Amino acid sequence: MEHSDTHSLVTRQRRRVLITGGGGQLAGALATVFAGDVVRALSRVDWDVRFPAPPEVGEPQLVLHTAAWTNVDGAEDDPQGAAEVNVGGTTHAAELGAPIVAYSSDYVFDGRKGAPYVESDSPSPLSAYGRSKFHGEAATGERAWIVRSSWLYGPTGHNFLKTMLRLGADRDEVAVVADQRGCPTYVGDLAAASHELVEAGAPFGVWHLAAGGDCTWADFAEAIFEEAGLDCRVKRITTAEFGAKAPRPAVSILRSEKDAPQLPHWREGLAACLAALAETR
Ligand SMILES: NC(=O)c1ccc[n+]([C@@H]2O[C@H](COP(=O)([O-])OP(=O)(O)OC[C@H]3O[C@@H](n4cnc5c(N)ncnc54)[C@H](OP(=O)(O)O)[C@@H]3O)[C@@H](O)[C@H]2O)c1
């Protein structure tokens, strides 16, 4: 993706950038990447996005909306609660009136295509979480980059990588689902690609930003153990054997049919995330 006005990058004023869901893993990565701006990251205690923004939120010039109900299985028990955050919260973030980057998910797709999804493919979510993210997309307003990504992980928060590191240190074997295929995406890479999208003045609309390559959860777990030097086997099981509450797409690989910023291959993202984790220890 080319920058529409490279010169403006050098001379432009620092923007007032608001990050919602400031305590989350993607929010942390975005705060780092947008550090050239005046960034305010608001966590749930500062602004619960189920309600309109309090006056202290002010008038940001760019909103990076990461606040979300991300408990996929929990949303099956409380679909209304998930919608209040993922649809209502997005409505309130869009009401601030600034251009917004609104994050959505590969789980808006049902996986039945059996091949990578591009931006023009029609969503058909299988789960309450997926439906809430899809309806959230419709609440973003006219000036929104709707960024769909997948299988996020980073050095902070709760995610698959951190779970595997913990289990892999304690056990000889871990059972992991081997019949779902997607793109594990490092939040540092997603944040950098989001920055590139905004800086390039890309047209508003849906953008697929996910790691290069694809794999199953079991492949990802094996790579984590290999890369982290953990002596733990992966027992490959089916989605049915794992028995999660929410249905998930079998194939939710995201690719772009547009001139989207390219993210590194998922193995490179994994190495970068482990390096970032090592720095924090
Ligand atoms: N994680 C994934 O695999 C994945 C995949 C594709 C897309 N996405 C999307 O990417 C975005 C960022 O995800 P993430 O992985 O960074 O999630 P995360 O680490 O769970 O962060 C989400 C943040 O939103 C906050 N939040 C929840 N309800 C809120 C509310 N009512 N008001 C304000 N803040 C609230 C959470 O606060 P608490 O800590 O207080 O709950 C949390 O800090 C989300 O839109 C998510 O749907 C995620």
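Hi everyone, thanks for coming. Before anything else, please keep in mind that this is a predicted model.

Let's start with the ligand. How many residues surround the ligand? The count is 24, and the closest are Gln25, Arg44, Asp48, Tyr129 and Lys133.

Now for the polar contacts, and I'll take three of them. Tyr129 was on the list of closest residues, and a polar atom of the Tyr129 side chain sits 2.8 Å from a ligand oxygen. A polar backbone atom of Leu152 is 2.9 Å from an oxygen atom of the ligand. For Ala68, a polar backbone atom and a ligand oxygen are 3.2 Å apart.

How much of the ligand's accessible area does the protein cover? On its own the ligand has 890 Å² of accessible area, and the protein covers 80% of that.

Which elements give two or more residues to the shell? They are α2, residues 25–33, then β4, residues 100–105, and α5, residues 128–137. Of these, β4 gives the most, with 3 residues.

One of those elements takes us on to helix packing. Helix α2, which contributes to the ligand shell, also meets helix α7, residues 187–199. Their axes come within 8 Å and cross at roughly 50°. That angle lies between the 35 degrees where roughly parallel ends and the 65 where roughly perpendicular begins, so α2 is oblique to α7. The crossing of this pair is right-handed.

The next two pairs share helix α8, residues 217–228. What does α8 do with helix α10, residues 266–280? The two pack at an angle of about 45°, with axes 11 Å apart, and are therefore oblique to each other. Here too we have a right-handed crossing, as α8 passes α10.

The other partner of α8 in this talk is helix α6, residues 160–170. In this pair the axes come within 10 Å and cross at roughly 60°, which means that α6 is oblique to α8. And the handedness? For α6 and α8, the crossing is right-handed.

Note on methods. Residues numbered from 1 in each chain as written. Predicted model: local features only at pLDDT ≥ 70, side-chain atom pairs only at ≥ 80, totals over all residues. Heavy atoms only, no water. Near = heavy atom within 4 Å. Polar contact = N/O pair within 3.5 Å; in protein donor to acceptor, adjacent residues only side chain to side chain. Areas by Shrake-Rupley, 256 points an atom, 1.4 Å probe, with all protein chains shown as cover. Helix = DSSP H or I, 4+ residues; strand = E, 2+ residues; numbered from the N terminus. Axes fitted to C-alpha atoms, helices over the stretch in contact; angles between N-to-C directions. Parallel < 35°, antiparallel > 145°, perpendicular 65-115°, else oblique. Left-handed = near helix turned anticlockwise from the far one by under 90°.
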